[in-house]
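This briefing is for a reader who is meeting the structure for the first time. Please keep the sequence and the model at hand while going through the points below.

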Amino acid sequence: NKQVISKQSIAAGATGVSLLPSTIYKFAIILFHGDGDAQIKLTVTVNGTPVTLYGNEQAIELLANQTISVVADNTDTTAARNTPTIEILSLSW
């Protein structure tokens, strides 16, 4: 399966915007394209452990029987900013 979470505009100062609700994957590769704004802080939580990325950072996460969620915060209090594109390639059987 392929799921694409397209870039989204997050209002100035907005926090806790869910981009991916808590989801269990048997096997998945998640690509953070890095095509968002540096002012967007992503909290990627894998099995309860949070990791911080920013919208302009590229990353790849490999999951096997793990739960992941992604939440975005706009650290810019004066302007709306864009999240990066997130692509999820998963297998289920």
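## A residue in strand β6

Asn-65 is found in strand β6. The model is a predicted one, and in it the phi of Asn-65 is near 55 degrees, a positive value in a residue other than glycine. Most residues other than glycine have a negative phi. Asn-65 counts as exposed because its relative accessibility is 58%.

**The sheet and its strands**

- Six strands make up an open sheet in the order β1-β8-β3-β6-β4-β5, and their pairing is antiparallel.
- The edges of this sheet are taken by β1 (residues 2–5) and β5, each of which has a single partner strand, so one side of each is left without a neighbour in the sheet.
- From one strand to the next, the twist averages 25 degrees.
- Strands β4 and β6 run antiparallel and are joined by seven bridges, and Thr-45 stands opposite Ser-69 in β6.

**The hairpin of β4 and β5**

- Strand β4, which covers residues 40–46, pairs with strand β5, which covers residues 49–54, in the antiparallel sense and over six bridges.
- Val-46 has Thr-49 in β5 as its bridge partner, and the hairpin has two residues between the strands.
- Asn-47 lies in the loop between β4 and β5, where its phi is near 50 degrees, again a positive value in a residue other than glycine.
- With a relative accessible area of 46%, Asn-47 is partly exposed, whereas Asn-65, at 58%, counts as exposed.

**Ala-72 and its surroundings**

- Ala-72 lies in strand β6, which spans residues 59–74, and it counts as buried because its relative accessibility is 0%.
- Although Ala-72 and Leu-42 are 30 residues apart in sequence, their C-alpha atoms are 4.6 Å apart in space.
- Beyond its neighbours within four places in sequence, Ala-72 is in contact with Thr-15, Gly-16, Val-17, Leu-19, Ile-40, Lys-41, Leu-42 and Thr-83.

**The nonpolar core**

- The largest nonpolar core has 20 residues, and those that touch the most other members are Phe-32, Leu-42, Val-44, Ile-68, Val-70, Ile-86 and Ile-88.
- At least two residues of this core come from each of the strands β3 (residues 17–32), β4, β6 and β8.
- Strand β3 gives the largest share of the core, with six residues.
- Ile-68, one of the core residues named above, touches Leu-20, Pro-21, Ser-22, Thr-23, Tyr-25, Ile-30, Val-44, Thr-45, Val-46 and Leu-63 when residues up to four places away in sequence are not counted.

**Salt bridges**

- The count of salt bridges comes to two.
- One of them joins Glu-87 and Lys-2, whose closest N and O atoms are 3.2 Å apart.
- This pair links distant parts of the chain, since Glu-87 is in strand β8 and Lys-2 is in strand β1, 85 residues apart.
- Asp-76 is buried, its relative accessible area being 11%, while Arg-81 counts as partly exposed at 23% relative accessibility.

- Thr-85 is found in the loop between β7 (residues 81–82) and β8 (residues 86–91).
- Although Thr-85 is placed in a loop, it counts as buried, because its relative accessibility is 15% and the cut-off for buried is under 20%.
- Leaving out residues up to four places away in sequence, Thr-85 touches Val-4, Ile-5, Lys-7, Leu-31, Phe-32, His-33 and Asp-35, and Phe-32 is also among the core residues that touch the most other members.

Methods
Residues are numbered from 1 along each chain as its sequence is written. This is a predicted model: local features need pLDDT of at least 70, side-chain atom pairs count only at pLDDT 80 or more; totals for chains, interfaces and linings use all residues. Side-chain values use heavy atoms; hydrogens and water are left out. Helices (H or I, at least four residues) and strands (E, at least two) are DSSP runs, numbered from the N terminus. Buried means under 20% relative accessible area, exposed over 50%, partly exposed in between (1.4 Å probe, protein chains only). Contact means heavy atoms within 4.5 Å. Two strands pair if DSSP finds at least two bridges between them. Axes are lines fitted to C-alpha atoms, for helices over the stretch in contact, and angles run from 0 to 180 degrees between N-to-C directions. A salt bridge is a side-chain nitrogen of Lys or Arg within 4 Å of a carboxyl oxygen of Asp or Glu. A nonpolar core is a set of buried Ala, Val, Leu, Ile, Met, Phe, Trp, Tyr and Cys residues joined through side-chain atoms within 4.5 Å.
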